[in-house]
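Trainee: Hi, could you walk me through this one? I have just opened it and would like to get my bearings.

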Amino acid sequence: MLLGFLAERPKHGYELKKEHDHRLAGARPLAYGQVYATLQRLERLERDGLAEVAETQQEGGPERTLYAITDSGQAELEQWLNTVEPSAPYVASPLFARVAVAGKAADSYLLRQREAHLARMRELTAEKASGAPAQVLAADYALQHLDADLR
């Protein structure tokens, strides 16, 4: 993902955090504390020849290193984007686990879960009406999963 964020233009760690949160709306936000882990990944990308330091800036605050994608990084990004994601080999849903364990007693739980899913679907549908493209995509993804759970 980091290479994809760098494909547009060179960026520093905090810009990558903002890019993550903007493009992956609906995903778990990247905490500012995780920016340091992101910077370590950038250093690994640089070591592996996939990214390079474009420049170093200091504008009254801490020094910021801007990273840029290399030709090798672009090739790696294209390979990643063209790789088909395999389907999950196992069901890993807390909902599935609760229903499987509850057995015949699952009826009342499923009714409450259905109400919660329908309420969330209404919220997501409203978000789609006023959201940016990334938010609409995230909402559609979540709606499809909620719909599958309801079925």
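Predicted model: local features only at pLDDT ≥ 70, side-chain atom pairs only at ≥ 80, totals over all residues.

Trainee: Which hand does the crossing of helix 6 and helix 7 have?

Mentor: Helix 6 and helix 7 cross in the left-handed sense.

Trainee: And which residues meet between helix 6 and helix 7?

Mentor: On the helix 6 side, the residues include His117, Leu118, Met121 and Leu124. Among their counterparts in helix 7 are Ala139, Leu143, Leu146 and Leu150. Sorted by class, the contact of helix 6 with helix 7 has 9 nonpolar, 2 polar and 6 charged residues.

Trainee: What about helix 5, how does it pack with helix 6?

Mentor: Helix 5 covers residues 94–102 and helix 6 covers residues 106–130. Their axes lie 9 Å apart, at an angle of about 160°. Helix 5 and helix 6 are therefore roughly antiparallel too. Helix 5 passes helix 6 in a left-handed crossing.

Trainee: Which residues of helix 5 meet helix 6?

Mentor: Leu95, Arg98, Val99 and Ala102 do, and they meet Ala106, Tyr109, Leu110, Gln113 and His117 in helix 6. By class, the contact of helix 5 with helix 6 has 6 nonpolar, 2 polar and 1 charged residues.

Trainee: Let's pick out histidine 117. Is it buried or exposed?

Mentor: Histidine 117, which lies in helix 6, is buried, because its relative accessibility is 9% and buried means under 20%.

Trainee: What is histidine 117 in contact with?

Mentor: Leaving aside neighbours within four places in sequence, histidine 117 is in contact with Leu95, Leu146, Asp149 and Leu150.

Trainee: Switching to the strands, how do strand 1 and strand 2 pair?

Mentor: Strand 1 (residues 51–57) and strand 2 (residues 64–69) pair in the antiparallel sense, over 6 bridges. Alanine 51 stands opposite isoleucine 69 in strand 2, and glutamate 52 has alanine 68 as its bridge partner there.

Trainee: How many residues sit between the strands in that hairpin?

Mentor: The hairpin of strand 1 and strand 2 has 6 residues between the strands, and glycine 60 takes a positive phi near 80°.

Trainee: Last one: what does valine 53 touch?

Mentor: Valine 53, found in strand 1, touches Glu46, Thr65, Leu66 and Tyr67, not counting residues up to four places away in sequence. Valine 53 counts as partly exposed, with 36% relative accessibility. The C-alpha atoms of valine 53 and tyrosine 90 are separated by 41 Å, and these two residues are 37 residues apart along the chain.

Notes
Residues numbered from 1 in each chain as written. Heavy atoms only, no water. Axes fitted to C-alpha atoms, helices over the stretch in contact; angles between N-to-C directions. Helix = DSSP H or I, 4+ residues; strand = E, 2+ residues; numbered from the N terminus. Parallel < 35°, antiparallel > 145°, perpendicular 65-115°, else oblique. Left-handed = near helix turned anticlockwise from the far one by under 90°. Contact = heavy atoms within 4.5 Å. Nonpolar A, V, L, I, M, F, W, Y, C, P; charged D, E, K, R; others polar. Buried < 20%, exposed > 50% of the residue type's maximum accessible area, 1.4 Å probe, protein only. Pairing = 2+ DSSP bridges.
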